[in-house]
Amino acid sequence: MKWKDGKHRCCWANPKNELYVHYHDEEWGVPVYDDHKLFEVLILECFQAGLSWECVLNKRESFRQAFDFFDVEKISQYSEEDQQKLKENPQIIRNKLKIKAAVTNAKIFLGIQKEFGSFSNYLWGWTDQKIIYENGKSHSELSDTISKDLKKRGMKFIGTTIIYAYLQAVGVISSHEDSCFLSYKL
């Protein structure tokens, strides 16, 4: 779709939401190797389950505040009282199972960091540090495999569709539509 600025963008980007446009143009699909950012996006993708990404994106700053700026160490130590406070916070998605999953997933994320030296090493190791170029999918053999491994480790809300969206978000999979100005042309 051609926009007022003359650029073609993926059809899912909402031209009326500046946050979404910025996310599409500056973040989505850009390779991420920083564990802090990888953790933030993983938690947000888990909260997105069953909802639109735009809903989560619009609440991202509130999530950052509520979840100690995605400090994995702190989140891994959240008590039942901490989780209850999150359930009462109207600025975030207050799903108790997703909140509990965030704490569980933080603990497992730390374990993966310890095992592989970083979560980035773990994640990018699945593709031998290479970016996969594909679009038009909601899951793949790669997302199936990573989802299965993370579930085996005990993570929650990380089905293959969520993991595929995560891989797209952090640039492991590059999925800009062919007409998008950010599309990689083979």
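Modeller: Start with helix 2: 12 of its 14 residues are buried, so it is largely enclosed by the rest of the structure. Buried means under 20% relative accessible area, exposed over 50%, and partly exposed in between, with a 1.4 Å probe and protein chains only. Helices are DSSP runs of H or I with at least four residues, strands are E runs of at least two, and both are numbered from the N terminus. This is a predicted model, in which local features need pLDDT of at least 70, side-chain atom pairs count only at pLDDT 80 or more, and totals for chains, interfaces and linings use all residues. Residues are numbered from 1 along each chain as its sequence is written, and side-chain values use heavy atoms, leaving out hydrogens and water.

Biologist: Which residues of helix 2 are buried?

Modeller: Among them are Leu38, Phe39, Val41, Leu42, Ile43 and Leu44, and also Asp35, Glu40 and Glu45.

Biologist: What covers the buried residues of helix 2?

Modeller: Look for contacts, meaning heavy atoms within 4.5 Å. The cover includes helix 3 (53-58), helix 7 (96-116) and helix 10 (160-169).

Biologist: What span should helix 2 have?

Modeller: The expected span of a helix is 1.5 Å times one less than its number of residues. For helix 2 (residues 35-48) that gives 20 Å, and its end C-alpha atoms are 20 Å apart, which agrees.

Biologist: How many helices and strands are there in the protein?

Modeller: The protein has 10 helices and two strands. Buried residues make up 49% of its 186 residues.
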